[in-house]
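This report covers how the secondary-structure elements pack against one another. The sequence and model come first.

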Amino acid sequence: MTFLYKFNKNGTTAEGYVQADSEADAQAKVDAKFPEGSKTKVLGIEQVYVATTRNTRMSAFKGRPIASACQGLKASEALKVVEFSPKKAAEIIKKTILSAIANAENNHGAKGAADLTVKLCVFEESVRMRRYWPTARGSAHPIARRLCHCRVVLAESKKSKKGAK
């Protein structure tokens, strides 16, 4: 299982991931990473479900706007957003969200996509395919064909309290 932990170091909040069998094992690994005397304070740990689509033949720059639009939405709402987008990135995000939902149901026993939220949806740079375009007088110009990774992290939705504002 994958667990997301938040920590505060010198006034800056950051996140990290740890692989463990249970929440107690994850807590032990995080405590070993940040011992009692360090200036880092662990703020919390929660279970997340991760899916990654790797080496997609598209520039990450083109996928980031739609990825940021999906972030923070429920998984079902994010699927509706990408379903009606004509961009290639929408198909990649849809495939990755469906994979993360399947990971949650099959590997971890989560009960469907109704209570899952898109915690993180990002396009990251991958390797570049180097090609050359022939030009005048026997020379060539380099061409970089970009590839990217799409990563989606789903988490359980927080239940809102009745009467909370």
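## Helix against helix

H2 passes H4 in a right-handed crossing (right-handed if the near helix is turned clockwise from the far one by less than a right angle, left-handed if anticlockwise). Helices (H or I, at least four residues) and strands (E, at least two) are DSSP runs, numbered from the N terminus. The axes of H2 (residues 60–70) and H4 (residues 88–108) come within 9 Å and cross at roughly 50°. Axes are lines fitted to C-alpha atoms, for helices over the stretch in contact; angles run from 0 to 180 degrees between N-to-C directions. H2 and H4 are therefore oblique to each other (under 35 degrees is roughly parallel, over 145 roughly antiparallel, 65 to 115 roughly perpendicular, the rest oblique).

From H2, Lys62, Gly63, Ile66, Ala67 and Cys70 meet Ala89, Ala90 and Ile93 of H4 (contact: heavy atoms within 4.5 Å). Six of the contact residues are nonpolar, one is polar and one is charged (Ala, Val, Leu, Ile, Met, Phe, Trp, Tyr, Cys and Pro are nonpolar; Asp, Glu, Lys and Arg charged; the others, Gly among them, polar).

## The sheet

Five strands build an open antiparallel sheet, ordered E2-E1-E3-E5-E4. E2 (12–19) and E4 (116–134) are the edges; each has a single partner strand, so one side of each lacks a neighbour in the sheet. E1 (residues 2–9) and E3 (residues 40–56) pair over eight bridges (pairing needs at least two DSSP bridges).

## Basis

This is a predicted model: local features need pLDDT of at least 70, side-chain atom pairs pLDDT 80 or more, while totals for chains, interfaces and linings use all residues. Residues are numbered from 1 along each chain as its sequence is written, and side-chain values use heavy atoms, without hydrogens and water.
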